[in-house]
Amino acid sequence: MEVDDKISIAHGAGGLYMHKLIKEHILPRFKQRRVVEVPLSLLADSAVVDGIAFTTDSYTVKPLFFPGGDIGRLSVSGTVNDLSVVGGEPLAISCALVIEEGFEIKKLDKILSSMEEAAEEAGVEIVTGDTKVVERGKLDEMIINTAGIGRRSPYLDRNLEKAASDGRSLKSRWLDPRNVRPGDRLIVSGPIGDHAMTIIAARGELGFEAPGLKSDTAPLNHLMERVLEVGGVVAAKDPTRGGLAALLNEWSEATGLGILVKEALIPVRDEVRTGCEILGIDPLELACEGRVVLAVSEGLAEDVLEALRSHPLGREAEIIGWFSDEHEGVVVETEIGGLRYLPMPLGDPVPRIC
Amino acid sequence: MEPLDRVRAVLSKYRDPALARKLVQKIWETARDLSRVRIMHVCGTHEWTITHWGIRALLPDNVEVRAGPGCPVCITPASDIDVAVGLALDGVHVLTYGDMSRAKGSRMISLEDCAAEGGRVGVVYSFMDAVRIAASNPDKEYVFLGAGFETTAPTVAYFVLKGLPRNLKVLSAHRYVPPAVGLLAESEDLEIDAFINPGHASTVSGMRAYKPYFDKCGKPMVFAGFEPIDVLVAIYMVLRQLRDRAPRMENEYVRSVTWEGNLKAQRALQEVFDFEDGYWRGVAIISESAMNFKEKFSQVDARRAYGLEHGRGDYFPSEARCAEIIKGIIDPPDCPLYMKTCTPSTPVGPAMVGLEGTCRIWAQNRILVKDIRCMSGACGLNREARSVRRL
């Protein structure tokens, strides 16, 4: 049986298979008829059309409720974050619900309240929506889709100007990996893998409980605003499915540059690290829902790091590596000082994480 | 939390960066007095540790660690896969491990492939699952394709002694590691100077099983565990023995390996199997290495029950250089198929299938040795190693 004949879970897992599906089946069928600043073909977290950032995302997380959040909080945060990481200031989002017959209204209320709470936290409006119900058994509880729009962040121009003061020419007016050059630093805003490991634990797949562990799900627009105010950020992305490994490989491919990261500098909580050890998975492949990775001009990296750490959601931020033109691909210096490549994951090790 | 704490203890002790740095320095200092050193390990898990932690990039240029035949799937004869496929197509339910079911035989058909053609194939995590499945389906006929070393063979032996369900037979492709190390030690293609012996297999066989082979070849043999510090210590122990010209059998993995080994497991193996000449795919026929059922266990032996021949023939896809990779003569990137037509999602050769196969491990970490050498030199990333190199 060829993997190509039918959709498999891996096709939605953020790794190699999903990229293949998008590149071979989706992109060639959707044509571009007008000039779009950030078009579909770039596969950025948001597109930009006539100065408006626009994105959409569907949420299928299982279980619906987990420590640190639920599908409601996730569905607002994820879309707010996708708008924020291209340099957008989120304005409004939509809420489309697909619900299984028999779903408890009480649970629905709780989820919708979470959505409103997260929207308030982010300062966005939920302005439109849709509700569909499918027969019992034809859907596992519910799926939420949100789309969002944002305008250009008022800090973006000055942020990019500051980055360009090192003499680089900017290929894009938005946060975009095409703006990266060798020497740019990579910063992660906090410990990775909390969300995915929380979901794994909530499903009982660890075989024991991991108290203290909770999802990092959070809207990051205020955090992004603060770093853009400091300036020097040329690209940003949230490490969701496929984790840091997928993100870094996408950036290495998009920039044509090598990336070096030091494993010892990458923040990973003890619970996540040991959980990964037990399950035989790599924390670098685990999804986050409230973390962002920034590419920052070398001279401004420390300032951006400081700005991140002054925000509650960025307190544990770290500079983890840099871009280089001296080698290809993503290279990890392991904790003991050895070297290996970090390949693009085939797919997220955990399905239905977001 | 107790399980978390236990894992955490191992992580901090056996992955300590400061200790690793010290060991790397010791390795460089010791290697300075030596000419080329070629160390072979014969365990897929060692290869995983070495590759995943990037240990080769930390070693001086004159110290090379090569992966020998340490993957049970890789060395299982193509003819055994063929007969299992034949049985599955004839309506016998063939049970085996997940990666074994994906290894292709001489007609480039794996058990998994034959399942798509209507062959009866089931994947199990252990022989215990096979026993349970057979017991709960007494009207069906089962054969377990048992691949693996003395690490997995005792489970089979134990259940055979206990008595298998009448409808379950075993096609034993089990192999015993010590004679293979003996053969590799004498190989002229390889010119191996020393061995890192497998921690888990030796936990069963004991160090003493290697004694005759050590006596014959007189090359250092260090029994090692699977954390990065274990492997670095083992490399250092090997180099120290070579420097002092005092080869011996040395135990790094004292928390698991003993001189005697697991006597209970050994007794079960001795009771159930004859240790006979056996073919290792890609390597050779190795005497006293194949665990074949003793005559008194004929009733569980699939070979006797179905009149199957022992595999002698060799077969690899054309152009593929699996045999040389399995034996440890070349590295996966030296094979023209590596990461071109042969990838983890489209494996052609057995070493790309087996979870402990060298190609699979290298592919998962996308390793090209030459790049590593150049990386550690050019990118300035590996400061520790470089500063040590200047010593």
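Modeller: In this predicted model, helix α2(A) passes helix α3(A) in a right-handed crossing. Helix α2 covers residues 71-84 of chain A and helix α3 covers residues 105-122 of chain A; their axes come within 6 Å and cross at roughly 35 degrees. On the α2(A) side the contact is made by I71(A), G72(A), R73(A), S75(A), V76(A), S77(A) and V80(A). On the α3(A) side the residues are I111(A), S114(A), M115(A), A118(A), A119(A), E121(A) and A122(A). By type, the residues of this contact divide into eight nonpolar, four polar and two charged.

Two of these residues, V80(A) and A122(A), are also touched by N221(A), which is found in helix α6 (residues 221-230) of chain A. N221(A) counts as buried because its relative accessibility is 8%, under the 20% limit. Twelve residues along the chain from N221(A) is V233(A), and the C-alpha atoms of the two are separated by 14 Å.

C354(A), for one, is in no disulfide, and the nearest cysteine sulfur, that of C288(A), is 11 Å away. C354(A) is buried, with a relative accessible area of 12%. In chain B, the sulfur of C342(B) is 6.2 Å from the closest cysteine sulfur, in C359(B), and is therefore too far for a bond, the cut-off being 2.5 Å. C342(B) is buried as well, with a relative accessible area of 7%.

Conventions. Residues numbered from 1 in each chain as written. Chains lettered and ligands numbered in written order. Predicted model: local features only at pLDDT ≥ 70, side-chain atom pairs only at ≥ 80, totals over all residues. Heavy atoms only, no water. Axes fitted to C-alpha atoms, helices over the stretch in contact; angles between N-to-C directions. Helix = DSSP H or I, 4+ residues; strand = E, 2+ residues; numbered from the N terminus. Left-handed = near helix turned anticlockwise from the far one by under 90°. Contact = heavy atoms within 4.5 Å. Nonpolar A, V, L, I, M, F, W, Y, C, P; charged D, E, K, R; others polar. Buried < 20%, exposed > 50% of the residue type's maximum accessible area, 1.4 Å probe, protein only. Lists of a residue's contacts leave out its neighbours within four places in sequence.
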